[in-house]
Amino acid sequence: MTGALNTRYHRAALNGFMVIVLAHWVEHVAQAYQIWVLGWPVPKARGVLGLWFPWLVKSEWLHYGYALAMLIGLAVLRPGFVGRARTWWTVALTIQFWHHFEHLLLLVQAQTQHFLFGRAVPTSVLQLVFPRVELHLFYNSIVFIPMMVAVYRHLRPSDRELRAMLCACVPAADERPAFAPV
């Protein structure tokens with residue numbers, strides 16, 4: 001299945017994955033807006049979905065599931081990238097691996113009720129230094145940015161990269177409009 005996802009279905013799979021990533025981004029940006037612009041206390045700032053389903057924001061399963069889905073999506077779609085795009089996609093995958101590990105720590109603590117670092121709540125490693133809201137906004141940013149660079153490079157490959165691509169994300173030169181950037 002990953003062969004088809006990285007060849008004839010790469011563009012569709014990448015677009016679907018990006019919709020999920022952007023929806024998650026909206027949640028983090030909405031939560032940041034609620035805290036820093038509207039002045040809501042952190043427990044009340046639940047993003048968009050959390051306003052209707054408050055238990056979602058408190059569910060470590062939801063956060064872990066998303067971190068795992070991101071890790072899987074980045075790993076599964078990676079073979080479809082070549083050259084500079086693959087380098088940037090790999091950077092995003094590497095950072096997401098650590099982000100996933102942090103969420104796994106949080107999930108295990110929530111399930112066992114044994115909290116690390118002498119804390120009263122589940123705490124990840126970098127939460128020892130940074131508050132959770134800011135930390136996860138940062139994590140999602142530093143995964144998102146290299147992903148966007150990768151997609152940009154993927155859709156604007158060099159001639160050498162274009163010859164190495166196995167997907168149809170970029171139309172052949174004779175099928176591109178004359179004004180389309182490459």
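Biologist: Which residues have the most contacts inside the largest nonpolar core?

Modeller: Phe17, Met70, Leu74, Trp89 and Met147. This core has 24 residues. Bear in mind that the model is predicted.

Biologist: What makes a set of residues a nonpolar core?

Modeller: Two tests. The residues must be buried, and their side-chain atoms must join within 4.5 Å. Buried means under 20% relative accessible area. The 24 residues of the largest core form such a set.

Biologist: Which elements give two or more residues to this core?

Modeller: Helix 2, helix 5, helix 6 (83–112) and helix 7. The largest share, seven residues, comes from helix 2.

Biologist: Which residues does Met147 touch?

Modeller: Phe17, Met18, Val21, Met70, Leu74, Trp89 and Ala92. That count leaves out residues up to four places away in sequence.

Biologist: What does the second core include?

Modeller: Val82, Met165, Cys169 and Val170 are among its five residues. This core is separate.

Biologist: Why is Val76 called partly exposed?

Modeller: Val76 has 24% relative accessibility. Buried would need under 20%, and exposed would need over 50%. The value falls in between, so Val76 counts as partly exposed. Its place is in helix 5. The C-alpha atoms of Val76 and Thr87 are separated by 15 Å, and these residues are 11 apart along the chain.

Biologist: Is Phe117 buried, exposed or partly exposed, and what makes it so?

Modeller: The relative accessible area of Phe117 is 41%. Phe117 lies in the loop between helix 6 and helix 7.

Biologist: What makes a space a cavity rather than a pocket?

Modeller: A 1.4 Å probe fits in a cavity but cannot get out, whereas a pocket is open. The structure holds one cavity of 30 Å³ or more. The largest cavity has a volume of about 40 Å³.

Biologist: Which residues line the largest cavity?

Modeller: Val21, His24, Trp25, Tyr66, Met70, Asn140, Val143, Phe144 and Met147. Helix 2 (10–36), helix 5 (60–77) and helix 7 (132–155) each give two or more residues to this lining. The largest share, four residues, comes from helix 7. By class, the lining has seven nonpolar, two polar and no charged residues.

Biologist: How much space lies in the largest pocket?

Modeller: About 880 Å³. The pocket is lined by 30 residues. Gln31, Leu56, Val57, Lys58 and His63 lie nearest its centre. Helix 2 gives the most to the lining, with six residues. The lining has 14 nonpolar, 11 polar and five charged residues.

Biologist: What is the mean pLDDT of the protein?

Modeller: The mean is 90, and 93% of residues reach 70 or more. Over residues 176–180 the pLDDT is below 50. That stretch has four contacts in the model beyond near neighbours in sequence. Where pLDDT is low, the predicted coordinates should not be read in detail.

Conventions:
Residues numbered from 1 in each chain as written. Predicted model: local features only at pLDDT ≥ 70, side-chain atom pairs only at ≥ 80, totals over all residues. Heavy atoms only, no water. 1 Å grid on protein atoms, 1.4 Å probe; cavity = no way out; pocket = protein on both sides within 12 Å on 5 of 7 lines; lining within 4 Å. Points joined across faces, edges and corners; volume = space filled by probe spheres on them. Nonpolar A, V, L, I, M, F, W, Y, C, P; charged D, E, K, R; others polar. Buried < 20%, exposed > 50% of the residue type's maximum accessible area, 1.4 Å probe, protein only. Contact = heavy atoms within 4.5 Å. pLDDT = per-residue confidence, 0-100.
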